[in-house]
Amino acid sequence: MSSDNAALRSDKRKLRNQLSGNQQSGHAAGVANQTCRLPEFHNSRRIACYLSNDGEINPHYIIEAAWQARKQVYIPVLSPFQHKLYFAPYAKDSRLETNRFGIPEPVCKPSQWIRPWQLNLMLLPLVAFDESGNRLGMGGGFYDRSLAYLKHRNHHRPRLIGLAHELQRTSSLKINSWDIPLHMIATEERIIRV
Ligand SMILES: Nc1ncnc2c1ncn2[C@@H]1O[C@H](COP(=O)(O)OP(=O)(O)O)[C@@H](O)[C@H]1O
Ligand SMILES: [Mg+2]
């Protein structure tokens, strides 16, 4: 891993963790307002989201809107044997349990998990982004590994939208061969189409 990325990760994580509760909820509402207007949101039946952590944009307004529109929401779960993500159905009454990284996951039978290509839309958390759609994550490479098939196969699903605070933008990210770029980024102010 490059030390540039390590320093950038630490700066951006610090910045987003310094936001006040009011700023966080304002940004969550702004990002939801931008995202829920997109045709990509309206046209998607199966949407992966995440449960926020570490000052990430909280997608709860988007999850509520998806439930109201009778879409199926999924939350990533870590496969116990591979460093890849599966997606578990998530409903209002889902029970949650924390995984080995302390992140909550819906409790359900692995037979109900789906793979990313079965989704129409994926909303991803990120630590930093640039306007070319490059994404810096927490450093585990889980999304990159799970979405690696988008690089080699003629696959178009799912559409990838990063949810971000505007302060997570950087002028240009140093990218690696395995990084999977986003199709769009939604911030509290705007949609960036790549
Ligand atoms: N498709 C992949 N196959 C194997 N390893 C991968 C793949 N994608 C990412 N990784 C591994 O994950 C690690 C973290 O990836 P990185 O892009 O730095 O993290 P993040 O995307 O979370 O910011 C890398 O060091 C890389 O070895
Ligand atoms: Mg990466």
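**Note on the predicted model**

1. The ligand site is taken up at the outset. In this predicted model, an oxygen atom of ligand 1 lies 2.7 Å from an N or O atom in the side chain of Arg9. An oxygen atom of the ligand is likewise 2.8 Å from an N or O atom in the side chain of Asp144, and for the side chain of Arg145 the corresponding distance is 3.1 Å. Ligand 1 taken alone exposes 560 Å², of which the protein buries 70%.

2. As to the overall fold, the chain contains 6 helices and 11 strands. Its radius of gyration is 16 Å, close to the 16 Å that the globule rule gives for 194 residues, so the chain is as compact as a globular protein of that length. Along the principal axes, the C-alpha atoms fill a box of roughly 40 × 35 × 35 Å. Of the 194 residues, 49% are buried.

3. Which strands pair with β6? Strand β1 (residues 46–48) runs parallel to β6 and is joined to it by 2 bridges; here Ile47 stands opposite Leu121. Strand β9 (residues 159–163) also pairs with β6 in the parallel sense, over 4 bridges, and in this pairing Met122 stands opposite Leu160.

4. Strand β1 has a further parallel partner in β2, with 3 bridges between them. The bridge partner of Ala48 in β2 is Tyr74. Strand β2 (residues 72–78) is mostly covered, with 6 of its 7 residues buried.

5. The loop between β1 and α4 holds Asp54 and Gly55. Asp54 has a phi near 60°, a positive value in a residue other than glycine. Is Asp54 buried or exposed? Its relative accessible area is 19%, so Asp54 counts as buried, the cut-off being under 20%. Gly55 is also buried, with a relative accessible area of 18%. Between Gly55 and Lys12 the C-alpha to C-alpha distance is 10.0 Å, although 43 residues separate them in sequence.

6. Arg70 is found in the loop between α4 and β2. Its phi is positive, at about 60°, although Arg70 is not a glycine. With a relative accessibility of 67%, Arg70 counts as exposed, whereas Asp54 is buried.

7. The bond joining Arg157 and Pro158 is cis, with omega about -5°. Pro158 is placed in the loop between α6 (149–152) and β9, and β9 is the strand that pairs with β6 over 4 bridges.

Note on methods:
Residues numbered from 1 in each chain as written. Chains lettered and ligands numbered in written order. Predicted model: local features only at pLDDT ≥ 70, side-chain atom pairs only at ≥ 80, totals over all residues. Heavy atoms only, no water. Polar contact = N/O pair within 3.5 Å; in protein donor to acceptor, adjacent residues only side chain to side chain. Areas by Shrake-Rupley, 256 points an atom, 1.4 Å probe, with all protein chains shown as cover. Pairing = 2+ DSSP bridges. Rg over C-alpha atoms; globule rule 2.2 N^0.38 Å. Buried < 20%, exposed > 50% of the residue type's maximum accessible area, 1.4 Å probe, protein only.
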